[in-house]
Amino acid sequence: MEYLLTRLDDRILSLNKAKKKALVAYLVAGDPSLDSTLELMHGFVDAGVDILEVGVPFTDPIAEGPIIQAAHDRALKNNTSLSDIFKLVEKFREKDSKTPIILMGYMNTFLANSQALQEAHTSGTDAVLIVDIPGESNLEKFGIKNKNLAFISLIAPTTSEDRISQICNKSSGFIYYVTLRGVTGSSHLDISETEENINYIKSQTLLPVFAGFGIKTPDDASNLSKISDGIVIGSSLVEMIHHQSNQKEFKKIYNYLHEISEAINR
Amino acid sequence: MDNLTDLPNSDGFFGEYGGKFVPETLMHALKELDETYAKLKNNPKFIEEIDQDLVQFVGRPSPLYFAKRLTDHYSGPQIWLKREDLNHTGAHKINNTVGQILLAKAMGKKRIIAETGAGQHGVATATVAARLGLECHIYMGAADVKRQSLNVYRIKLLGAQVHAVDSGTATLKDALNEAMRDWVTNIEDTYYIIGSVTGPHPYPMIVRDFNAIVGRELRKQSMEQFEQYPHAIVACVGGGSNAIGIFYPFLEEFNVALIGVEAAGSGLMSGKHAAPLNDGEPGILHGAKSYLMQDKNGQVIDTHSISAGLDYPGVGPEHSNLKDSGRAKYIAVDDDEVLSSFHLVTKLEGIMPALETAHAFAALEHIAKNYKSNQHIVINVSGRGDKDINTVATMDGISLD
Ligand SMILES: Cc1ncc(COP(=O)(O)O)c(C=O)c1O
C-alpha cells in the first residue's frame, strides 16, 4: 500500500540502527480518564517505551479478555469517543513529537468516524490497528484507506502460509504476531511455535515482526524478544493502571516497564 | 444484477452487507468451514443423512395449518400457519443444528459451543450434541438465564454446560461475544454452532440454507392446499433465521410479499427496542456488516424486547440487503401488542406461540386489512410458548409460585 513515511517508520529505523528491540505498550484511552491517559503516555515513554498503542474503547471487543474488556467499559462510562482520542493525541504531541502512536480498536468505531480518520494524521496519529478486519482486506472499499497512516496487520498462529504473504504485501510499519490462540491476557504462550512462525513471516517480508498477547513477566518479554523484533505489553499494564488509578500513583507501573525494557535489550 | 438467490458472493457479501470481520485467529477456521460446506452440501450422502434426521428426528415436514378462527377474527385474508412450533424441541432452531452438527462431525471437532437468547437454540444445540455424545457449552446472557429458566434447565438436563454472561447488557449480544472469545481460544477442537443468520461468512449462508427447508415445504404445501403461492409471508426477525428460512425459496417469486417483524420493545420512539432494520444504521458487529443499533460514535446501543430471542442490536446481513433492495419489508410491533397477540392466538387457535413468534402474529393487526378474503397470508410460527409463561404471568401481574 502506498503511504507516506511516518514517525513509526523513523522510530523503527532508529531502533534497527541501534540494534534495539522495540517495546510497545498498550493502554485504553479514557481509562480511568483522558487526563490520566495523557499522564501515563508520557510516563510510559520516560520509562523506556518506544511505541504507544492507544486502545479505542468499543462496546463489544470480541478479541479482548476480561481485563481489557473491563477497561473498555470504564472508558465508555466516561463517553470516550474517537474525536476525544484525537484531541488526546494532539495534547500529547505538545510535549512529545517523536514517539509513534498507534490507535488500536474495532472496525465499527473507525467506520462510524471514517471522515475523522482522514484527518487523523493532523492530530499526530501515525497508525491504526483494526482488530476485526482481515489483513488482506481492501480498506479502500470501506472508505478508510489513508496514505498518511500506516495500517498494522495481525498474523496469528492459525494464519495459513498463502495468507501470510498476502497480508505482508498489504502491510506497513510492522507485523503484529499474535503469540497465542486466545483473547488478550490469556496465558498459553508457546515459545517454540512462536519462533517457527515468526521465522516464516520474516522469510516473507522485510518489515519487523513484533510479538504480543499474553506477555506478563520480564522473563516472558526477554524470551520473546530473542525471537522477534519487539514486544507488545497490554493486559498486565491495563490491570496495573486499574489498581493504581485511585491513588494516582503510577510509579510502580513505570518501574515495571523499565524492568521490561531492560529485559528485552539485555 | 445477480439473482437474490445467488448471494452471498464468494467473499460472503450480500450487496454491501456481510463479510468476515473477525480477529485473525478465526480466519482459518472460517475458511475451513466454507470449504467443508462447499464440498458436502451437494454430496448425496450428506443430503440423505440430513433429510433422514429432518424426517425421523425433527418430525418434518411441519404442517401448514388453516387458522379458521383467526381468519374470522380479522375478516380479511385467509390466515395459514407454518407450524415450526411442532418440531422436536419446539422451534425452527433445530433445522439449523441438525445440519451444523454434521459439519462439526465431518470436520472432526470434539467440542461444541453456541450462544442462545431465548434458550431455544441452546436446547436445539445441546440436543444434537447429546445425540452424538459431544461436549457442549452454551453461552447465555445472565438476564436471559433468569427470564428463560425453563430452557436453561432443559439444556442442563441434556448434559450441556450453561455459562451465564454478565458483561455488557447480559443478553444475546454479550452471549455471542463470549462464544466468539471461547472459539478464538479453543479454535483447534471446537465447532461454533451459530444460532441465527448472523456472524461472519459463511455462517449467514449456512444457517439460511439449513432453514430454507421451511420455505421449500411451503412452496409445495401452499400449492397442494390452496393451489397458489401465498400473497404474503410474515415472520419475526431477531437475527433473522426463521424469516430467511421461509423467505429464501420465494425471493424470486415477486408476487409473494415478504414481511419481517422486528421488536419495537417499548416503542420505536422510546429508543428502547431491538429494531435495527427500522431504526438503525449500517455498521459492523459480530463479524458482519449489517443494520445495527448504534450511536454516532459507532458504539452499540442497549436493546430492549419482551422476548429474549429478538433482544439483539444487529440482524443478519441478507435481511439488510433485502431491505435496501425493497424485496422484503420490515415493520416493528411493541411489547404490548405482542402480549395481546399472544393471548389472542392462544385463545382463538389453541396454539400458544413463543413471544418471538407472537411478533409475527401481532403484525396482522397492521396488515390484515390490506388483503381480501380470497388471498392467503402465511405466518411462520417459529416456536411454541411454553418457555415464556413466566414472563407472560409477570407481565399480567400473576404469581406462579
Ligand atoms: C421461537 C423463536 N423464534 C424466533 C427467534 C429469533 O431468531 P431468528 O430471527 O434467528 O429466527 C428465536 C430465537 O431465539 C426463537 O426462539
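A residue counts as near a molecule when one of its heavy atoms lies within 4 Å of that molecule. The views below come from a predicted model.

**View 1. The shell around the ligand.** The ligand is surrounded by 19 residues. The closest are Ser196(B), Gly238(B), Gly240(B), Ser241(B) and Ser382(B). By kind, the shell holds five nonpolar, 12 polar and two charged residues.

View 2. Taken alone, the ligand exposes 390 Å², and the protein buries 98% of that.

**View 3. The cavity and the parts of chain B around it.** The ligand takes up the space of the largest cavity. Two helices of chain B, helix 11 (241-247) and helix 15 (355-362), each supply at least two residues of the shell. Two domains of chain B also share in the shell. Domain 1 (31-53 + 94-207) gives at least three residues, and domain 2 (59-90 + 212-395) gives at least three as well.

**View 4. A cis peptide bond at Pro8(B).** The bond runs from Leu7(B) to Pro8(B). The bond is cis, with omega near 5 degrees. Pro8(B) sits in the segment before strand 1 (13-14) of chain B.

**View 5. A cis peptide bond at Pro61(B).** Here the bond from Arg60(B) to Pro61(B) is cis. Its omega is near -5 degrees. Pro61(B) belongs to the loop between helix 2 (44-58) and strand 3 (64-66) of chain B.

**View 6. A positive phi at Phe213(A).** This view turns to chain A. Phi of Phe213(A) is near 85 degrees, a positive value in a residue other than glycine. Phe213(A) lies in a loop of chain A, with strand 7 (209-212) on one side and helix 10 (218-227) on the other.

Technical notes: Residues are numbered from 1 along each chain as its sequence is written. Chains are lettered from A and ligands numbered from 1 in the order in which they are written. This is a predicted model: local features need pLDDT of at least 70, side-chain atom pairs count only at pLDDT 80 or more; totals for chains, interfaces and linings use all residues. Side-chain values use heavy atoms; hydrogens and water are left out. Accessible areas come from the Shrake-Rupley method with a 1.4 Å probe; for residues, only the protein chains shown count as cover. On a 1 Å grid over the protein atoms alone, a cavity is a set of points where a 1.4 Å probe fits but cannot get out, and a pocket is an open set with protein on both sides within 12 Å along at least five of seven lines; lining residues have an atom within 4 Å of a point. A molecule sits in a cavity or pocket if more than half of its atoms lie within 2 Å of its grid points. Helices (H or I, at least four residues) and strands (E, at least two) are DSSP runs, numbered from the N terminus. Ala, Val, Leu, Ile, Met, Phe, Trp, Tyr, Cys and Pro count as nonpolar, Asp, Glu, Lys and Arg as charged, and the others, Gly among them, as polar. Domain bounds come from an automatic or database domain assignment.
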